[in-house]
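Good morning, and thank you for coming. Please look at the sequence and the structure on the screen while I go through some helix packing and a few individual residues.

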Amino acid sequence: MKRENAINLVLLLALLATPFIAQAMGETFTVTLVTRIAILALAAVGLNIALGLGGLVSFGHAAFFGTGGYAAGILASHAMSGEPMLFGFEGSNQMPVVWLAAAIAAGIVSLAIGAISLRTSGVYFIMITLAFAQMVYYFAISWPAYGGEDGLSIVLRNAFPGVNTMRPMEFFLVCFGVLLAALIFSALLRSSRFGAALQAVRQNEVRVASIGISPMPIRLTAFVLSAMITAVAGALYADLNRFVSPSMLSWHMSGELIVLIILGGTGRLMGPVAGAALFVVLEFWLGGITERWQFFLGLILLVTVLFARGGVIGLLAGKERHG
Amino acid sequence: MLLDVQDIQTFYGGSQALFGVQLKMDEGEVVALMGRNGMGKSTTIKSICNLMPPKSGRIVLDGKPTDRQPPHKVARLGIGLVPEGRRCFPNLTVYENLVAAARPGRWTLERVNDLFPRLAERRDQMARSLSGGEQQMLAVGRALMTNPRLLILDEATEGLAPVIRQDIWRAIRALKADGLSILVVDKTLSELLPVADRCVVLENGRNVWEGKADALSPELQDRYLGV
């Protein structure tokens, strides 16, 4: 575990240092790229709680990612136009408010989805989470009030007290801070009694029941927490692009999040960060070489699954804890 | 009365395994559940825990019937099961295995570590990397952490080295002296009979003999338990 801690620290420092170096070299675009890494990593940190610790392969996390995105977009558009929303609420362009709204909205959605889909397991769980996510996707497409298929622009990136979020560097630091908080939360959760019970449920449901723990509430709690973190990432993602569209809700997004985790290392604390970094770098670098970069991503994923099941963290930090 | 198993019949799909098993236990009693392989001992235990609910009959634990309760509710009524084959959570550490199960009561991590000092030494090791004996200690420790009224040990010493076996029996005697009610299934009669207050013998899913441990004569042992 000592070695893993060292590697985790190096990864985090590298993530933090890269934008500063890039900025000093005048490569402002790299700052945005690293911000994208941090946000996707945050979304995957959320999914990793359900997938890595709980063994719940949710193929519908895009629903929560997109819910977060729309929370940011909708609140911002109302704050901009001054038109009141439901219950006369005026919208907001303050990130903390937006994050809270994103987390609460996704919490409610995931509570409903989880309560139904967690009654199934294995391939049925994968399919039912996908089905729910697709429902949310088509709902967004057919709802004209917020852009429908065309999506919704955020004219001015939401604000954070004391920070000018329109500057790439400052926005990156906000995202990095949220990612760091989520990683700390995730580490605490993992070492808590709840974390032990969640992993025990993943390993054997009957055994867990025979020591007096009911699997369902534990799974549901993990699923909801996981969705809430992913939703905050969605809100940041919308702010990064200053645009939110149904594509954030599409099943490609759900798949991408799972791919990030597998590339980085399933169930490992920093797996999502390593996976997101690798994914974005490949997307940028291979995408610059060929339009068919996803073919090569597929090859890399295949090699990871066949020969390096611990992902990047497994290769760097050695033996996986997850099993 | 702590446990009252009344005439239960349990089925594996279409085939019947228990044909009206009866079992009564008082608080603080150690009862040996005996019989040859395949006679229904483990099925009786699974039925008590509702892992395999009986089709008919009733099980009353401390005055509360357990029918139609999910297994985790039955466990919460006060049953600590140490299942056959040491079923720990392989990818959790010893410490995590113990605290995940914990419910408040007399048994704490410190007391479990006092009972099995080895577990304290192996605190941060993964359960799967433990020896068979250590895994068994962990399974017993985990059951104790739930602070059960009734501890059920299913073949707790099977396949262990003699030295380790002694450690487990020493722990069982200590638990008995502490006043815990224990239902034991075990093949080592030389160790089991001195500990047990009473024996219940099953044959083909039915009760065939019941009595004090010292009344189980060599003839009876040969008749019901010999191979």
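**Helix packing, the chain contact and selected residues**

H1(A) and H2(A) are roughly antiparallel to each other, where angles under 35 degrees count as roughly parallel, over 145 as roughly antiparallel, 65 to 115 as roughly perpendicular and the rest as oblique. This is a predicted model, in which local features need pLDDT of at least 70, side-chain atom pairs count only at pLDDT 80 or more, and totals for chains, interfaces and linings use all residues. Residues are numbered from 1 along each chain as its sequence is written, while chains are lettered from A and ligands numbered from 1 in the order in which they are written.

Let me stay with this first pair. Helix H1 of chain A covers residues 2–24 and helix H2 of chain A residues 28–53; they pack at an angle of about 165°, their axes 7 Å apart. Helices (H or I, at least four residues) and strands (E, at least two) are DSSP runs, numbered from the N terminus. Axes are lines fitted to C-alpha atoms, for helices over the stretch in contact, and angles run from 0 to 180 degrees between N-to-C directions.

Which residues of H1(A) and H2(A) make the contact? From H1(A) come A:Leu15, A:Thr18, A:Pro19, A:Ala22 and A:Gln23, and from H2(A) come A:Thr28, A:Thr30, A:Val31, A:Val34, A:Ile37 and A:Ala38. Two residues are in contact if their C-beta atoms, placed from the backbone, lie within 7 Å. By class, the contact of H1(A) with H2(A) has 7 nonpolar, 4 polar and no charged residues. Here Ala, Val, Leu, Ile, Met, Phe, Trp, Tyr, Cys and Pro count as nonpolar, Asp, Glu, Lys and Arg as charged, and the others, Gly among them, as polar.

The loop between H1 and H2 of chain A holds A:Gly26. With 8 C-beta neighbours inside 10 Å, A:Gly26 counts as exposed; a residue is buried if 20 or more other C-beta atoms lie within 10 Å of its own, exposed if 12 or fewer, and partly exposed in between, with C-beta atoms placed from the backbone. From A:Gly26 to A:Ile141 there are 115 residues in sequence and 39 Å in space, C-alpha to C-alpha.

Next, helix H3 of chain A, residues 61–81. H3(A) has 21 residues and reaches 30 Å from its first C-alpha to its last, close to the 30 Å expected at 1.5 Å a residue; the expected span is 1.5 Å times one less than the number of residues. Of the 21 residues of H3(A), 18 are buried, so H3(A) is largely enclosed by the rest of the structure. A:Gly82 follows H3(A) and has a positive phi, near 75°.

Helix H6 of chain A, residues 168–191, has 24 residues and reaches 35 Å from first C-alpha to last, close to the expected 34 Å. Its buried residues include A:Phe171, A:Phe172, A:Cys175, A:Phe176 and A:Leu179. The buried residues of H6(A) pack against H1, H2, helix H7 (193–203) and helix H9 (215–241) of chain A.

A further pair is helix H10 (residues 251–264) and helix H12 (residues 293–307) of chain A, whose axes come within 9 Å and cross at roughly 50°. That makes H10(A) oblique to H12(A). H10(A) passes H12(A) in a left-handed crossing. In H10(A), A:Val259, A:Ile262 and A:Leu263 meet A:Leu301, A:Thr304 and A:Val305 of H12(A). That contact has 5 nonpolar, 1 polar and no charged residues.

I turn to the second chain. How many residues of chain B are in contact with chain A? The count is 21, in contact with 17 residues of chain A. Helix H2 (71–76) and helix H3 (94–101) of chain B each supply at least two residues of that side of chain B. The side of chain B that touches chain A divides into 13 nonpolar, 3 polar and 5 charged residues.

Finally, two residues of chain B. Phi of B:Asn50 is near 60°, a positive value in a residue other than glycine. B:Asn50 is buried, with 23 other C-beta atoms within 10 Å. Phi of B:Arg68 is also positive, near 60°, but B:Arg68 is exposed, with 8 other C-beta atoms within 10 Å.

Notes
A crossing is left-handed if the near helix is turned anticlockwise from the far one by less than a right angle, and right-handed if clockwise.
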